[in-house]
Amino acid sequence: MPFDAETLAQRFRRVAPAADHCSLRVVEERSETISVRQDQAEPVRTSLDHGGMVTVVDGDGIGYAATSDLSDAGLAWALAQAARWARLARGRSVFAGQPPQLPQPRGRYASATQRPMHWSKAERIELLMRESQACRIDPRIVDWQASLWTLGTQQMLIGADGGAPALQSFDFTIPSLHVVAHGDGVTQTRSWGGRYNGYCQQGGIEVIERSGFIGSGRRTAEEALQLLAAPNCPSGRMDVVLMPDQMMLQIHESIGHPLELDRILGDERNYAGTSFVTLDMFGRFQYGSPLLNVTYDPTRNVEFASFAFDDEGLPAERSFLIKDGLLLRPLGGSSSLQRAQRRVPELAGVATTRACAWNRPPIDRMSNLNVEPGESSLQEMIAATECGVLMKTNRSWSIDDSRNKFQFGCEWGQMIRDGQLAEVVRDPNYRGVSREFWRSLTMVGRPETVEVMGTPYCGKGEPNQAVRVGHASPACRFSDIDVFGAER
Amino acid sequence: MRDLFFELADHAFGQLAGSEVLLANFSGEATDFIRLNHAQVRQPMSVRQGELSLALIEGRRRNQASFGLTGVAAADLERTDLVLRELRRELSSLPEDPYLLYCTDAAHSERIERGTLPSAEQAIDDVVGAAAGTDLVGILASGPMMRGFASSLGARHWHQVEAFLFDWSLYHSGDKAVKCAWSGSRWDRAELSRRIEAARGQLEHLAQPARSIAPGEYRAYLSPAALDELLWMLNWGGVSAKAQQTKQSCIQRLVDGEASLAPQVQLTEDTARGLAPAFDEVGFTKPAQVPLVRDGRHAGSLVSPRTGAEYGLAANGAGEDESMRAVALAGGTLAEEEALAALDTGIYIGNLHYLNFSDRASGRVTGMTRFATFWVEGGRIAAPLAVMRWDDSLYRLLGTELEALTDAPHWILNSGTYGQRSVETSRVPGALLRRMTFTL
């Protein structure tokens with residue numbers, strides 16, 4: 001059910017009212033989820049979603065309306081509703097007398113897909129079945145599942161004032177696999193790519209091929225059994241080396257969310273929370289050690305949240321948010337930045353105001369948020385550690401509403417003693433406070449340690465929105481961290 | 001949307017051939033959202049959405065797809081035909097499903113609860129007016145929510161609830177706030193004003209400087225909202241029969257009879273007193289109640305049809321995720337108004353935040369305190385408490401350390417709106433704890 005962008009744009013402009021700003025964002029998405037659990041195919045799921053959201057600005061009032069009915073009558077309904085909300089909000093909106101200045105959208109983007117997914121559903125089931133069957137290596141393997149989630153998304157953003165429709169087209173591929181082992185009262189889960197879809201990238205079949213998914217079944221099952229036999233992670237203060245599939249979570253929770261400008265402005269205080277970061281800290285606050293360099297990078301073409309412009313139409317460019325440990329700019333797009341600049345006129349933002357679907361309005365998100373590589377090899381990080389734990393693959397995450405006090409857990413731990421990797425340990429956890437933690441960053445991995453990860457499930461907003469975000473990171477070493485294991 | 005759903009379903013049933021069976025599910029809403037910050041309007045909107053899901057079955061093969069409805073019959077009939085053709089084209093290439101189970105009864109049900117909901121003008125005038133002079137942040141969601149099921153075997157179910165939920169926080173300063181929610185089917189401006197005024201009155205407790213405490217064990221009281229957050233962790237594979245069968249449940253030791261909770265813990269999936277539909281995605285009717293914990297011991301699990309077929313268990317109307325839609329924890333004997341006095345000296349916790357398992361096998365959960373959380377001395381609020389991380393096990397919090405439950409469980413409508421508004425509800429009392437472990 002593809003939409004005809006030109007025709008839709010013409011029809012929209014024909015019925016759009018005169019307004020300070022009027023635009024239409026249309027999203028069409030096809031999602032297919034195939035899964036094999038314990039060598040049996042689960043029900044195949046296909047979802048075809050489409051619809052549009054109209055935005056109207058009237059003075060300092062902004063209003064939205066969303067519908068799947070993109071006929072003339074449907075567009076007229078949405079325009080009338082959005083205009084009504086904008087009129088009602090006028091004079092009592094957070095824009096406080098200053099009409100929101102939204103960009104004129106333009107441009108095109110398409111995922112750099114090399115091999116579009118052309119495998120039939122039956123062929124995808126065959127692939128997953130092979131990995132599933134490879135997991136069955138021991139009676140203590142009590143559950144296992146291999147999945148493949150593919151999505152194709154087309155987006156259009158047009159203003160009522162003219163110009164070509166701004167079009168973006170995405171292909172997303174998300175393979176995953178997990179294995180559960182149980183014995184002697186202990187249950188351990190080991191996943192490939194993270195239990196909650198950590199290996200997710202833009203692209204097609206090539207994502208599966210380069211990911212290492214093929215052959216992951218047996219390897220993951222063996223690691224689950226290793227964890228089952230492993231001792232509990234010890235407790236105490238020690239160094240940690242975090243691999244990229246844990247670093248992505250650390251970046252996400254303790255850098256990404258606190259830098260979201262709408263949190264800083266208070267919009268999220270009733271749900272996702274606020275931030276320990278305040279507007280006066282940009283350009284002044286030492287967020288982490290001088291080794292910490294964090295970029296917002298929508299230009300990395302395989303990363304999950306690459307795009308050419310955000311959902312308010314602002315062109316997307318790579319920017320440093322933190323350089324040499326110094327905090328420089330927030331994750332905030334046009335409308336939030338306008339509000340923030342009333343207090344800090346020199347504040348700069350990035351194009352990252354996004355919506356999860358056609359039925360939700362754009363808000364500030366983190367998109368691709370990456371830690372830039374450093375100069376240490378993984379071997380050097382291990383050699384520099386007298387006593388510590390190498391941790392892989394996030395399993396548990398919790399942080400306070402200001403994004404300070406966190407506690408994270410991993411699936412896989414391996415002790416480091418006297419600069420050498422030692423025994424595997426299960427249930428490794430660590431806790432800390434964001435700014436202290438990032439200031440304890442002592443080594444950053446070279447480019448060869450970088451992995452491009454992400455998550456399809458970054459949640460925030462009222463009404464709630466779960467969006468796709470990308471995180472590329474090298475392995476990193478942190479000193480003197482509070483580490484602990486399981487209860488028994 | 002009711003008539004359109006059944007028209008589309010009947011049309012699709014008319015296209016079936018041979019022994020094909022078709023299951024049709026509908027989910028939709030027409031919602032006005034008003035998002036607020038600093039008692040001003042941030043994002044107001046109207047959302048009309050509907051989704052039709054078709055599952056085509058032949059023998060033991062099943063293929064299913066969902067798609068958005070426009071609400072215009074001609075366009076939606078065309079989409080229905082397209083999707084049905086695609087399902088049929090793929091079906092024979094898919095493997096047989098040994099765990100396929102669906103309802104073959106021709107059962108009918110209908111539940112329609114009308115409400116008196118505010119217009120856009122009324123909602124914005126009332127909320128902004130009542131919040132004037134405060135630092136209010138939150139969201140109002142209002143409108144009908146609809147679910148439907150029909151099968152080519154004759155089953156027809158329709159569920160429609162017209163309701164609103166105003167979920168908001170009133171801030172004093174910094175991160176000190178009172179969290180509130182008001183839900184119902186009859187909008188009442190006077191009641192809204194009364195509730196905001198009552199919350200404003202509670203802000204005086206937050207005026208004092210926040211007190212910090214050292215990590216350790218403290219006597220604590222969990223408000224119904226805080227206990228509700230804790231109980232929802234059981235929905236993360238806790239009460240699921242599949243999770244239990246594969247040894248992944250966070251209450252596995254309870255299920256296996258190796259541990260128990262406090263004898264006053266009576267936990268039920270109480271569909272009859274919730275807002276969720278009383279039918280599942282494959283047409284089975286849900287029991288009015290499913291006992292999950294009785295007298296602190298495991299009493300039952302939520303079993304989806306698929307899990308039932310796989311493990312030889314009797315399905316009890318659970319969805320595929322086997323999570324609770326209508327949590328009910330029975331009240332105890334502590335009068336709610338006596339909770340502070342009974343706490344004496346310790347921590348009053350208004351809300352919990354960002355819970356996760358720190359050790360799932362041991363039922364150990366970590367999270368933060370949030371919003372109105374106070375240090376209490378001699379049964380009186382002494383000072384707001386700076387947010388604290390806690391880490392403790394369900395077997396302690398609902399077991400050895402549970403001193404009392406309050407006598408009047410609160411009815412709570414889940415404020416979740418991922419994809420669509422939630423129809424999940426809870427009835428939960430407050431809990432007085434002898435000790436709770438705070439770690440950071």
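## A hairpin in chain A

In chain A, strand β7 (residues 166-183) runs antiparallel to β8(A), and the two are joined by seven bridges. Strands pair if DSSP finds at least two bridges between them. Helices (H or I, at least four residues) and strands (E, at least two) are DSSP runs, numbered from the N terminus. This is a predicted model, in which local features need pLDDT of at least 70, side-chain atom pairs count only at pLDDT 80 or more, and totals for chains, interfaces and linings use all residues. Residues are numbered from 1 along each chain as its sequence is written, while chains are lettered from A and ligands numbered from 1 in the order in which they are written.

Look for A:Ala181, which sits opposite A:Gln188 in β8(A). Two residues lie between β7(A) and β8(A) in this hairpin, and A:Asp184 in the turn has a positive phi of about 50°. Is β8(A) mostly covered or mostly open? Strand β8 (residues 186-192) of chain A is mostly covered, with six of its seven residues buried. Here, buried stands for 20 or more other C-beta atoms within 10 Å of a residue's own, exposed for 12 or fewer, and partly exposed for in between, with C-beta atoms placed from the backbone.

## A helix with a buried face

Helix α5 (residues 216-229) of chain A has 14 residues and spans 20 Å from its first C-alpha to its last, close to the 20 Å expected at 1.5 Å a residue. The expected span is 1.5 Å times one less than the number of residues. Among the buried residues of α5(A) are A:Ser216, A:Thr220, A:Glu223 and A:Leu227. Why do the buried residues line one face of α5(A)? Seen down the axis, they fall within an arc of 160°, so they line one face of the helix. The arc is that of the directions from the helix axis to the C-beta atoms.

What do these buried residues pack against? Their partners include α3 (121-135), β6 (141-159), β7 and β8 of chain A. Two residues are in contact if their C-beta atoms, placed from the backbone, lie within 7 Å.

## A sheet in chain B

Chain B holds an open sheet of six strands in the order β11-β10-β9-β12-β19-β18, with mixed pairing. β11 (297-298) and β18 (410-413) of chain B stand at the edges with a single partner strand each, so one side of each has no neighbour in the sheet. Within the sheet, β9 (residues 267-269) and β10 (residues 290-294) of chain B pair in the antiparallel sense over three bridges, and B:Glu269 stands opposite B:Val290 in β10(B).

## Where the chains meet

The contact between the chains takes 68 residues from chain A and 71 residues from chain B. Strand β3 (residues 45-58) of chain A gives the most to chain A's side, with seven residues. That side divides into 24 nonpolar, 27 polar and 17 charged residues. Ala, Val, Leu, Ile, Met, Phe, Trp, Tyr, Cys and Pro count as nonpolar, Asp, Glu, Lys and Arg as charged, and the others, Gly among them, as polar.

β3(A) also pairs with strand β3 (residues 61-68) of chain B, in the parallel sense over four bridges.
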